[in-house]
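Subject: Structure handover

Hello,

Here is the structure for you to look over. My notes follow below it.

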Amino acid sequence: MYNIISFLNIAFWVYEMMLLARILLSWFPHNPHNSVVRFLYETTDPYLNIFRRIIPPLGMIDISPIVAFLVLRMIQNLIFGLVR
């Protein structure tokens with residue numbers, strides 16, 4: 001049981017770090033053809049696009065990643081509650 005919880009905890013942490021890296025990349029110029037950048041975009045944009053469709057940007061500020069982090073944390077807590 002501990003192995004499952006540990007694996008899920010690491011998986012959620014890795015995805016949160018990928019989301020954070022994706023958000024930080026949007027602040028700086030970068031090469032969109034770089035394989036690492038493309039990987040980040042391809043793995044995080046489907047999840048972020050769910051919230052971008054629901055929450056419009058406030059001027060130049062996109063608050064959908066904040067909501068995406070909160071929902072991901074709620075999903076994590078729900079899954080950990082079910083596993084335990």
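Which ring does the charged end of Arg 22 sit over? The ring is that of Tyr 41, with the charged end 3.8 Å from its centre. The rule: a charge sits over a ring if NZ of Lys or CZ of Arg is within 6 Å of the ring centre and within 35 degrees of the ring normal.

Before the rest, the ground rules. This is a predicted model, so local features need pLDDT of at least 70 and side-chain atom pairs count only at pLDDT 80 or more, while totals for chains, interfaces and linings use all residues. Residues are numbered from 1 along each chain as its sequence is written, and side-chain values use heavy atoms, with hydrogens and water left out.

**Helix H3**

Helices are DSSP runs (H or I, at least four residues), numbered from the N terminus. H3 covers residues 64–83, which makes 20 residues.

Burial goes by relative accessible area: buried is under 20%, exposed is over 50%, and partly exposed lies in between (1.4 Å probe, protein chains only). The buried residues of H3 are Ser 64, Pro 65, Ala 68, Leu 72, Gln 76 and Phe 80. Seen down the helix axis, they fall within an arc of 145°, so they line one face of H3. That arc is taken from the directions from the helix axis to the C-beta atoms. An α-helix has 3.6 residues a turn, so residues three or four places apart point the same way.

What do the buried residues of H3 pack against? They pack against helix H1 (2–25) and helix H2 (35–54). On the other side of H3, Ile 66, Leu 70, Met 74, Asn 77, Leu 78, Gly 81 and Leu 82 are exposed.

**Aromatic pairs**

There are three aromatic pairs. Rings of Phe, Tyr and Trp (its six-membered ring) pair if their centres lie within 6.5 Å; planes under 30 degrees apart count as stacked, over 60 as edge-to-face and the rest as tilted.

Tyr 15 and Tyr 47 form an edge-to-face pair, 6.0 Å centre to centre with 75° between the planes. This pair links distant parts of the chain: Tyr 15 is in helix H1 and Tyr 47 in helix H2, 32 residues apart. Tyr 47 also pairs with Phe 51: the centres are 5.1 Å apart and the planes are at 75°, so this pair is edge-to-face. Both of these residues lie in H2, four residues apart, about one turn of the helix. Tyr 47 and Phe 51 are both buried, Tyr 47 at 14% relative accessibility. Tyr 15, Tyr 47 and Phe 51 form one aromatic cluster.

**Thr 44**

Thr 44 lies in helix H2. Its relative accessibility is 0%, so Thr 44 counts as buried. Contact means heavy atoms within 4.5 Å. Leaving aside neighbours within four places in sequence, Thr 44 is in contact with Tyr 15, Met 18, Leu 19 and Arg 22.

**Salt bridges**

How many salt bridges are there? The count comes to four, a salt bridge being a side-chain nitrogen of Lys or Arg within 4 Å of a carboxyl oxygen of Asp or Glu.

Glu 16 and Arg 73 meet in a salt bridge at 2.9 Å, N to O. Glu 16 lies in helix H1 and Arg 73 in helix H3, so the pair ties together parts 57 residues apart in sequence. Glu 16 is buried at 7% relative accessibility, whereas Arg 73 is partly exposed at 41%.

Arg 22, Asp 45, Arg 52 and Asp 62 are linked in a network of salt bridges. Asp 45 bridges to Arg 52, with the closest N and O atoms 3.7 Å apart. Asp 45 is buried at 16%; Arg 52 is partly exposed at 29%. Arg 52 also bridges to Asp 62, with the closest N and O atoms 3.4 Å apart. Here Arg 52 is in helix H2 and Asp 62 in the loop between H2 and H3, ten residues apart.

Asp 62 is partly exposed at 32%. Leaving aside neighbours within four places in sequence, Asp 62 is in contact with Arg 52 and Pro 57.

Best wishes

Definitions and conventions:
Helix = DSSP H or I, 4+ residues; strand = E, 2+ residues; numbered from the N terminus. Expected span 1.5 Å × (residues − 1).
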